[in-house]
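Here's a quick briefing for anyone opening this one up for the first time. Take a look at the picture, then work through the notes below.

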Amino acid sequence: MPRTSAIECPGCPPLRALTTDALGLIKVVEVHGNPGILKVVERWGQPDASSGVLAASYADDKIEPLLAVARKNGSVEILNSLNGESLCNTHTKQFGLSDTSRQDDHVVGLHLLKTKGINMSSRVATLLLCMENGNGCLKSIPTSGVLHDSDIGSQMSFNVCSAGKILCSSLAKSENFALFGGKGVEVNTWDLGNCTRIWTAKSPRPNSLGLSPPPWFTAAAFLSEEDHRKIAAGTNNHQVRLYDTSAQRRPVMSVDYRETPIKAVCPDLHGYKVYVGNASGDLGSFDIRTGKLLGGFTGKCSGSIRSIRKHPELSVIASCGLDCYLRVWDTNTRQLLSTVFLKQHLTNVIFDSHFAYEGPGGNRHAQPSATQVHDYDSAGDNETVEDEVLPSSRSSEASKMSKRSKTKKLDKEEIPTSDNGQVYETKETNEIKKRRSKIARQEDEDDGIGDTATQSEVEDGEKSSEKHGKRLKPKKRKVSA
């Protein structure tokens with residue numbers, strides 16, 4: 001049977017998250033209290049497999065935040081993330097992106113530009129879209145009802161690749177640069193100011209057999225908020241590659257993680273970590289400076305991880321995937337803080353950084369300290385082992401009760417006597433008397449509170465009891481009258 005261990009969830013700090021799934025539903029999950037548990041508070045939309053959400057982007061505005069989603073049927077919708085109100089609904093055909101010759105040409109990259117292009121007074125938002133066939137565009141659209149062909153004005157269009165299939169994309173924090181990659185497509189970066197390609201990666205050096213695997217990127221992201229030249233990418237052959245576009249075209253570092261394709265990559269924009277999730281549900285963190293695996297997160301997921309998101313302020317990350325669970329983890333201890341079952345296959349998770357639960361006195365709750373955990377994952381370890389939580393208060397109390405029961409057992413141990421009641425002065429009887437006197441002194445010192453024998457005393461008692469059990473009859477000796 002597999003090695004498993006019960007994982008206790010201590011709860012997570014107050015937060016708000018939005019999830020999208022394969023049936024087109026958008027669910028709002030919140031945590032009230034410190035610590036608290038994840039609870040679904042709202043659900044937007046109707047379940048429909050044809051309207052499943054493939055990509056999502058969030059403009060985290062404090063007054064009126066926007067959420068953009070791209071669905072399987074080709075529609076692109078912009079909503080108010082506070083109440084779920086639909087502000088705009090358009091289709092990729094209106095942008096000239098859909099390829100009628102391909103039935104499986106879907107949106108793989110959707111980015112809602114936050115720092116520029118969003119003007120709530122004039123109700124205009126700017127979107128960056130990319131299809132599987134490589135067609136992309138950057139377009140500003142009004143967020144007022146359903147769009148018509150007359151509403152689509154001039155737009156900046158580009159083509160990422162002439163062959164292959166785009167599978168991943170990312171937008172830099174400055175929103176001036178974007179990167180794309182996929183099956184048969186090397187990772188490449190674009191300058192959105194003039195829609196031109198500025199850098200393209202190069203395949204790693206051939207192995208000892210002279211073979212170099214074809215490019216197949218499944219996840220990619222920028223590593224830093226200030227520098228767009230650092231890139232982390234995950235491949236289908238379970239590799240995590242780090243690129244520096246200012247240094248070289250080949251990866252500066254490449255490490256293997258488990259044995260299944262990498263499905264999600266999330267950098268810690270304020271630190272030196274990158275979080276990686278794969279198709280078998282493994283979630284781990286790497287140090288981007290050394291490429292060393294820092295460890296795996298406790299409580300293995302039971303399905304492919306499709307989205308990982310780092311909270312902008314709190315030291316927590318959220319993950320979701322095909323096992324229909326949303327999980328929140330502590331980034332310092334890598335412990336599972338809270339989880340909730342959402343019934344559908346999840347595709348994206350997004351944090352609302354401006355959400356704050358006001359407790360008594362109007363103060364915002366601080367993040368709880370996570371319980372320390374044992375981490376069995378190490379660099380180069382291919383065995384999947386779930387981490388174990390250190391003994392909680394209940395388990396420590398149980399160990400105390402066990403020691404007390406052993407102490408009582410030693411206290412009730414009988415001293416061998418003769419037929420007339422005379423006590424044999426043997427080594428075993430002297431040890432029993434010493435233990436009884438020591439237990440009595442401990443009871444006096446603890447003032448009536450439950451006392452326990454030390455481990456060495458318990459072991460000595462068990463050894464002496466075994467010796468006493470083996471002795472069927474005491475040796476006869478002369479007793480003076």
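Let's start with the aromatic rings: a search of the whole structure, which is a predicted model, turns up seven aromatic pairs. One of them is made by Phe 158 and Trp 190, a tilted pair with 5.1 Å from centre to centre and 35° between the planes. This pair links distant parts of the chain, with Phe 158 in strand S12 (residues 156-159) and Trp 190 in strand S15 (residues 185-191), 32 residues apart.

**More on the rings**

- Both Phe 158 and Trp 190 are buried.
- Tyr 325 and Phe 341 make another tilted aromatic pair, at 5.1 Å centre to centre and with 50° between the planes.
- Tyr 325 belongs to strand S27 (residues 325-330) and Phe 341 to strand S28 (residues 336-341), so this pair ties together parts that are 16 residues apart in sequence.
- Tyr 325 has 30% relative accessibility, so it counts as partly exposed.
- Phe 341 has 45% relative accessibility and counts as partly exposed too.

**Charges sitting over rings**

- Lys 183 lies over the face of Trp 216, 4.4 Å from the ring centre.
- Arg 289 has its charged end over the ring of Tyr 272, at 4.3 Å from the centre of that ring.

**The chain as a whole**

- You're looking at a protein chain with three helices and 31 strands.
- The chain has 481 residues, and 47% of them count as buried.
- Take the contacts between residues at least 6 apart in sequence: 50% of them join residues at least 24 apart.

- How many of the seven residues of strand S1 (residues 15-21) are buried? Seven of the seven are, so S1 is largely enclosed by the rest of the structure.
- In a regular strand, side chains alternate between the two faces of the sheet.
- In S1, Leu 15, Ala 17, Thr 19 and Asp 21 point one way, while Arg 16, Leu 18 and Thr 20 point the other way, and all of these are buried.
- S1 pairs with S2 in the antiparallel sense, over six bridges.
- Leu 18 has Val 28 in S2 as its bridge partner.
- S1 and S2 form a hairpin with four residues between them, and Gly 24 in the turn has a positive phi of about 85°.
- S1 also pairs with S29, again in the antiparallel sense, over five bridges.
- Here Thr 20 stands opposite Asn 348 in S29.

- Strand S6 (residues 75-80) and strand S7 (residues 86-91) pair in the antiparallel sense over five bridges.
- The bridge partner of Val 76 in S7 is Thr 90.
- The hairpin has five residues between the strands, and Gly 84 takes a positive phi near 80°.

- Gln 344 sits in the loop between S28 and strand S29 (346-351).
- Is Gln 344 buried or exposed? Its relative accessibility is 15%, so Gln 344 counts as buried.
- The side chains of Gln 344 and Lys 27 are joined by a polar contact of 2.8 Å.
- Not counting residues up to four places away in sequence, Gln 344 touches Asp 21, Leu 23, Leu 25, Lys 27 and Cys 324.
- Ser 353 is in the loop between S29 and strand S30 (373-374).
- With 10% relative accessibility, Ser 353 counts as buried.
- A polar contact of 2.2 Å joins the side chains of Ser 353 and Asp 60.
- Leaving aside neighbours within four places in sequence, Ser 353 is in contact with Asp 60, His 311, Pro 312 and Glu 313.
- Pro 35 has its place in the loop between strand S2 (26-31) and strand S3 (39-44).
- Pro 35 has 45% relative accessibility, so it counts as partly exposed.
- Pro 35 and Pro 13 are 22 residues apart along the chain, and their C-alpha atoms are separated by 5.2 Å.

Technical notes. Residues numbered from 1 in each chain as written. Predicted model: local features only at pLDDT ≥ 70, side-chain atom pairs only at ≥ 80, totals over all residues. Heavy atoms only, no water. Helix = DSSP H or I, 4+ residues; strand = E, 2+ residues; numbered from the N terminus. Buried < 20%, exposed > 50% of the residue type's maximum accessible area, 1.4 Å probe, protein only. Contact = heavy atoms within 4.5 Å. Pairing = 2+ DSSP bridges. Phe/Tyr/Trp six-rings, centres within 6.5 Å; stacked < 30°, edge-to-face > 60°. Lys NZ or Arg CZ within 6 Å of the ring centre and 35° of its normal. Polar contact = N/O pair within 3.5 Å; in protein donor to acceptor, adjacent residues only side chain to side chain.
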